[in-house]
Amino acid sequence: MAELVLQARHAMGRKVTGEALVASDGFSARYDLNRLEGVFSRPSHKLAGLSYVDRILVLDTAKGGVASAWMLHEMRSRNMVPLAIVFNTVNTILVQGAALGDVTMMAGFEGDVTSLVPHGARVEVDPEARTLRVLDASGAPVPAAVPRHGETPGQARPVHGPRRP
Amino acid sequence: MHLNDEETAMLAGELGDVPRTAIRHQIAVGDFFGARDFVPVTQAHIMADTESLGQAGVQWLEQLADARTGSRTVRIPTITDPRGTDFAKPGVVGQAEWMLHLEQRAIDAFVRLGVSMTDTCINYQTVLAATRGEHVAFGDTGVVIYSNSVCGARSNFEGGPSALSAGLTGRTPRYGFHLDEHRQATLRVRVDWTPRTLNEWGALGGVVGKLAGNYWQVPLVEGLEGAPTSDELKHFGAAMASFGSVALFHLAGITPEAFHPADVGAERLPVSHRVGESDVRDLIRHYAGESRVDVVVFSAPQLSLYEMRQVAELCEGRRFKVPLLAVTSPQVKPDSDRFGYTRAIEAAGGTVMSGMCFYQSYAREIAEAKGWKYLATNSAKLVNILGGYGYVPRLASMQECIDAAEKGEL
C-alpha cells in the first residue's frame with residue numbers, strides 16, 4: 001500500500017507518533033469524557049469505553065462548550081491526555097485548550113480525515129510540516145479502556161482534590 | 001501576526017510576566033487561525049468553574065496573580081461566568097469542603113488579577129449587553145451566541161485562558177467572528193412552526209445546531225412568527241451552541257444583521273433544510289424514558305427575573321416530593337428575594353441558588369452524593385450535557401417539570 005500523507009491547513013504543537021482512534025463523531029472534554037478514568041464516557045459516542053490517553057484522536061469536529069479550554073491543561077497535568085487531536089473542523093476552544101495544555105492539534109484537510117485514516121493505524125502528526133502520515137495501516141483492533149501509567153480505571157489520581165471516601 | 005509597538009513590548013516582557021504570558025497564548029491561537037493582527041476589545045467574560053480548571057488550572061491562575069513585577073491586572077472590564085458552587089447552600093447539592101476550598105482559591109486569584117466576580121452566564125440580561133459591531137472576548141457559548149446574534153456584537157468562543165488573556169492585554173486575535181466574511185450565512189433553514197415554551201425554543205435551537213454541525217456554520221433561520229423574547233432566544237441560542245458548537249445565527253427580519261436577509265448573503269443560498277414541529281418533538285422524545293424523576297433543575301442558562309417569576313407562580317400552593325433547584329445569577333437573586341419569588345419557590349420545597357450553574361458544579365459528584373440519576377429540566381442545553389455525566393435527563397416544559405417535582409414522576 002502506498003504511504004498516505006495528508007496535508008492540513010492548520011496545526012500547532014510538537015511532532016508526535018502514535019495509534020489513531022478514529023471516528024466520525026465530535027469531541028468535547030466536558031460532554032464526552034470521564035477524565036478521571038481517561039475514557040470516552042458519553043454512551044452515544046462512537047468511541048465510548050475506549051481510552052484516549054496517549055492516543056491520536058482523529059475526529060470530525062469540536063463540539064460543546066468552553067470548558068475544554070481548561071480541561072486539556074488539567075488532563076496534561078496528570079498525564080492523562082491524548083498525544084494529539086486531529087479534526088476535519090475545529091472550533092476556537094479546542095485550539096485555545098491545546099495552546100495552554102501543550103497538545104498537538106491539526107485541522108482542515110482535503111477530504112474527510114475520519115474516512116481516510118484507518119482506525120487503529122499508527123500515524124505521525126507533524127505540525128511544522130502540517131502533515132498527517134499513516135505509517136502502518138494494518139491497525140490491530142483498539143482495546144477498550146486500556147489502563148495507562150500503572151493505573152486501572154477508577155484508580156486515577158483525582159482531578160480537583162480529594163474525592164469522597 | 002503583525003504586532004504594533006505596544007504588543008511587541010508585551011511580548012518582550014517589558015510590561016511584566018503576566019501580559020507576556022497572556023499575549024504569547026493569544027499569538028499561538030492567532031497563528032493557528034491565520035489572524036493578521038489583534039483587535040481591541042471592550043469587555044471580557046471568563047468561564048472558569050473549578051470542575052474545569054482542576055488543581056492545575058487554579059495553580060496557573062495563582063501563578064499569574066502572584067507575579068511581583070509589572071502589570072498583573074486586567075485592562076478592561078472583565079467578568080466571570082458561574083462559579084462551581086453557591087457558597088450559601090453547598091449542602092443542597094452535596095458538595096464537599098474541598099470543592100469550596102478550590103473555588104475560593106480560584107476566586108482569590110481572580111480578584112487579585114482585577115476580575116469582577118459577576119458569576120453569571122446571562123450578563124447580556126443582567127450586567128451590560130454588548131452592542132452591534134462591538135468587539136468583545138466572551139466565554140460561555142450561550143453568552144457568545146446571544147451577543148453575536150441578538151446584539152450584533154463580535155466575539156469568538158473564548159475559553160477561560162483566552163478570555164483572561166484578552167482582559168489582561170485588552171485585545172484578541174482578529175479571526176473568526178471578528179471578520180465580516182465569517183458572519184455571512186452558510187445555510188438557510190426554513191421553519192414552518194414557531195415554538196411556544198422555553199423547552200421548545202431550546203429544542204428548536206438544538207435541531208438547527210445539529211443541522212449546522214460545526215463552529216464555522218452560520219444558520220439563517222426564516223419563518224418564525226413574531227419577535228421572540230430575550231428568554232426564548234437565550235434558550236434557542238444556548239442549545240444551538242451546545243448541540244452544534246454554533247457561535248452565530250441570523251433570524252430573517254429579526255436579528256440586526258439579517259434585517260434584510262440579503263445582507264448576510266441569503267440570495268445566494270437555497271433553502272437547505274425545512275424544520276417543523278415534528279423535528280422538535282423528535283428531539284424532545286429522544287430524551288423521554290423512565291417516568292421516575294429524582295430532581296428537577298432549572299439552570300443552563302441561569303434564570304432571568306421573568307423566569308423566576310414564572311417558576312414562582314407555578315409553585316404556588318404546591319408541595320414537592322423531590323428536590324427542585326432554580327438557579328439564577330447574583331444580580332437577579334436580590335430582586336427575586338424582594339419580589340417574593342424566592343419565598344414562593346422555597347415554600348413549595350424548592351431551592352433557589354445563585355452564582356452557579358448545575359452542570360458547572362461537579363455534576364458527576366452531585367449525582368453520587370445525592371443519588372440523583374433521573375433529572376427533569378426545561379433546558380435543552382442541560383439535557384445535551386448531562387448524558388456524559390451519568391444522568392438520564394428529560395426535557396419538558398416548565399409547567400411539566402414543576403408537576404414532576406410534585407409527583408416524583410413525569
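**Entry 1: domains.** I kept in mind that this is a predicted model. I looked up how chain B is divided and found domain 1 (5-180), domain 2 (184-284) and domain 3 (289-407). The centres of domain 1 and domain 2 of chain B, taken over C-alpha atoms, are 28 Å apart. I then checked their contact, which takes 15 residues from domain 1 and 16 residues from domain 2. On the domain 1 side, helix 6 (residues 141-151) of chain B gives the most, with eight residues. I sorted that side by residue type and got seven nonpolar, seven polar and one charged.

Entry 2: I turned to helix 2 (residues 68-77) of chain A and helix 3 (residues 50-65) of chain B, whose axes lie 8 Å apart at an angle of about 85°. The two helices are therefore roughly perpendicular to each other. Among the residues that meet here I noted A:W70 and A:M71 from helix 2 of chain A, and B:L53 and B:W60 from helix 3 of chain B. This contact divides into five nonpolar, five polar and one charged residue.

**Entry 3: a sheet in chain B.** I traced five strands in an open, parallel sheet, in the order 12-11-10-13-14. Strand 12 (351-354) and strand 14 (392-395) of chain B each have a single partner strand, so one side of each is left without a neighbour in the sheet. From one strand to the next, the twist averages 25°.

Technical notes:
Residues numbered from 1 in each chain as written. Chains lettered and ligands numbered in written order. Predicted model: local features only at pLDDT ≥ 70, side-chain atom pairs only at ≥ 80, totals over all residues. Domains from an automatic or database assignment. Contact = placed C-beta atoms within 7 Å. Helix = DSSP H or I, 4+ residues; strand = E, 2+ residues; numbered from the N terminus. Nonpolar A, V, L, I, M, F, W, Y, C, P; charged D, E, K, R; others polar. Axes fitted to C-alpha atoms, helices over the stretch in contact; angles between N-to-C directions. Parallel < 35°, antiparallel > 145°, perpendicular 65-115°, else oblique. Pairing = 2+ DSSP bridges.
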